[in-house]
Amino acid sequence: MAARGTIGKDGNPAELRRGALVLAVLSRLRRPQYGYSLRQALAERGLAIEEGTLYPLLRRLEAQGVLASEWRIEDGPPRRYYRLNDAGEALLAELAGSWHALVATMAGLLDGSEP
């Protein structure tokens, strides 16, 4: 039997969190933000994310063509601002729909309700 708070050998809570982080990041990039401001916005909503997780994720999403970025100098050092592009908007809509469907399904399963 797995220890309390863990999942068996086929998965772990980190996998569930990893998928949710992509959706969370995309949801906050409807308007341009730089990494630190994004980190703060997520933390204020109860989703802390480490720099070592966030910045590689931003670079990967940009390489996948769902984010655009630009360097800006505003009241301080140059910062790279990220935002959703059209492909990112489409991906966000798709992932949000999948998320809502999954949440509804899981709520039914966890509540033990029958169809």
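**Reading the terms on this predicted model**

User: Why does Glu-70 count as partly exposed?

Analyst: Glu-70 has 40% relative accessibility. Buried means under 20% relative accessible area, exposed over 50%, and partly exposed in between (1.4 Å probe, protein chains only). So Glu-70 is partly exposed. This is a predicted model: local features need pLDDT of at least 70, side-chain atom pairs count only at pLDDT 80 or more, and totals for chains, interfaces and linings use all residues. Residues are numbered from 1 along each chain as its sequence is written, and side-chain values use heavy atoms, without hydrogens and water.

User: What makes the contact of Glu-70 and Arg-72 a salt bridge?

Analyst: The N to O distance is 2.9 Å. A salt bridge needs a side-chain nitrogen of Lys or Arg within 4 Å of a carboxyl oxygen of Asp or Glu. The pair of Glu-70 and Arg-72 therefore qualifies. Glu-74 also meets Arg-72, at 3.7 Å. Salt bridges with shared partners join Glu-70, Arg-72 and Glu-74 into one network. Arg-72 is partly exposed at 23%, and Glu-74 is partly exposed at 37%.

User: How many salt bridges does the rule give, and what does the one between Glu-62 and Arg-80 tie together?

Analyst: The count is four. Glu-62 and Arg-80 meet at 3.9 Å, N to O. Glu-62 lies in helix 3 and Arg-80 in strand 3, so the pair ties together parts 18 residues apart in sequence. Glu-62 has a relative accessible area of 24% and is partly exposed. Arg-80, at 29%, is partly exposed as well.

User: How do you know that strand 2 and strand 3 pair?

Analyst: Strands are DSSP runs of E, at least two residues long; helices are runs of H or I, at least four, and both are numbered from the N terminus. Two strands pair if DSSP finds at least two bridges between them. Strand 2 (residues 67-73) and strand 3 have seven, in the antiparallel sense. So they pair. Glu-70 stands opposite Tyr-81 in strand 3. The hairpin of these strands has four residues between them, and there Asp-75 takes a positive phi near 50°.

User: What makes strand 1 an edge strand?

Analyst: The open sheet has the order 1-3-2, with antiparallel pairing. Strand 1 (33-34) and strand 2 each have a single partner strand, so one side of each is left without a neighbour in the sheet. Two bridges join strand 1 to strand 3. Tyr-34 has Tyr-81 as its bridge partner in strand 3.

User: What makes Val-25 a core residue, and which others touch the most members?

Analyst: A nonpolar core is a set of buried Ala, Val, Leu, Ile, Met, Phe, Trp, Tyr and Cys residues joined through side-chain atoms within 4.5 Å. Val-25 belongs to the largest one, which has 19 residues. Val-25, Leu-26, Leu-29, Leu-38, Leu-58, Leu-61 and Leu-67 touch the most other members. Helix 1 (13-28), helix 2 (35-44), helix 3 (51-63) and strand 3 (78-84) each give two or more residues. Helix 1 gives the most, six. Beyond its neighbours within four places in sequence, Val-25 is in contact (heavy atoms within 4.5 Å) with residues including Leu-42, Leu-54 and Leu-57.

User: Is Trp-99 buried, exposed or partly exposed?

Analyst: The relative accessible area of Trp-99 is 36%, so Trp-99 is partly exposed. Trp-99 is in helix 4 (residues 86-111).
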